[in-house]
Amino acid sequence: MKYGNGVLAAAAAAAAMVGLSLVALPVMAHPHHGGAPAAGGPGAPVWGGPSMLEGIDLTAQQQKKIDAIVQQAHEQDQTDSIRDDIGRVHRQIQDLLSEPGTLDRTKITALLQQQASLRAQQEARHLDVAEQIHDVLSTEQLTQIKERQAKVRDLMDQLRELQHPTPKAAAQ
């Protein structure tokens, strides 16, 4: 059975186990989200995006397990406050940076540490989800994902070179 519809972006979690930039869960948790950032961009998953399971043959049992993992992750994401807490801390940092006068670096540093801790918690949870999906996939399926990942990486390198060519040394 082909898993071509990217159900909830289970692909994001499955592929995250391969490259793991850990933005997979927010994509999974919001199936109507516009998708992950473009491969290679800031915050982009190293593995190439939430479509990594597209074209991978999954058994009905694998599909059912992955759907359950994704649903559980979605429910957890909806009930915890980590994402909201990160946003709240980010707004506090922005507010401090826009205040007239001398910056309170001590307060900003403390907020940055709090934000880093929250992100680490979020990323640990993403890793748990990615690991669960990884364990559902066969060695062959993981190899297929890894091969596709390498192809995408090569294409992105070619595109980057076309968009930002390296200056050639002037002929002497």
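Modeller: Let me begin with the surface: the chain exposes about 10500 Å², of which carbon and sulfur atoms supply 54%, with areas taken from the Shrake-Rupley method using a 1.4 Å probe. This is a predicted model, in which local features need pLDDT of at least 70, side-chain atom pairs count only at pLDDT 80 or more, and totals for chains, interfaces and linings use all residues. Residues are numbered from 1 along each chain as its sequence is written, and side-chain values use heavy atoms, with hydrogens and water left out.

Biologist: Which residues of α3 are buried, then?

Modeller: In α3 they are Q62, Q63, I66, I69, V70, A73 and D77. Seen down the axis of α3, these buried residues fall within an arc of 130 degrees, so they line one face of the helix; the arc is that of the directions from the helix axis to the C-beta atoms. On the other side of α3, A60, Q61, K64, Q72 and T79 are exposed.

Biologist: How do the axes of α3 and α5 cross?

Modeller: The two axes come within 9 Å and cross at roughly 170 degrees, the axes being lines fitted to C-alpha atoms over the stretch in contact, with angles from 0 to 180 degrees between N-to-C directions. The helices α3 and α5 are therefore roughly antiparallel to each other, a label for angles over 145 degrees.

Biologist: Which residues meet there?

Modeller: Among those in α3 are I66, I69, V70 and A73, and they belong to a set that meets R125, V129, Q132, I133 and V136 in α5; contact means heavy atoms within 4.5 Å.

Biologist: Switching to α4, which residues are buried?

Modeller: In α4, I82, I86, G87, V89, I93 and L96 are buried, and the buried residues of α4 pack against α5.

How values were computed
Buried < 20%, exposed > 50% of the residue type's maximum accessible area, 1.4 Å probe, protein only. Helix = DSSP H or I, 4+ residues; strand = E, 2+ residues; numbered from the N terminus. Parallel < 35°, antiparallel > 145°, perpendicular 65-115°, else oblique.
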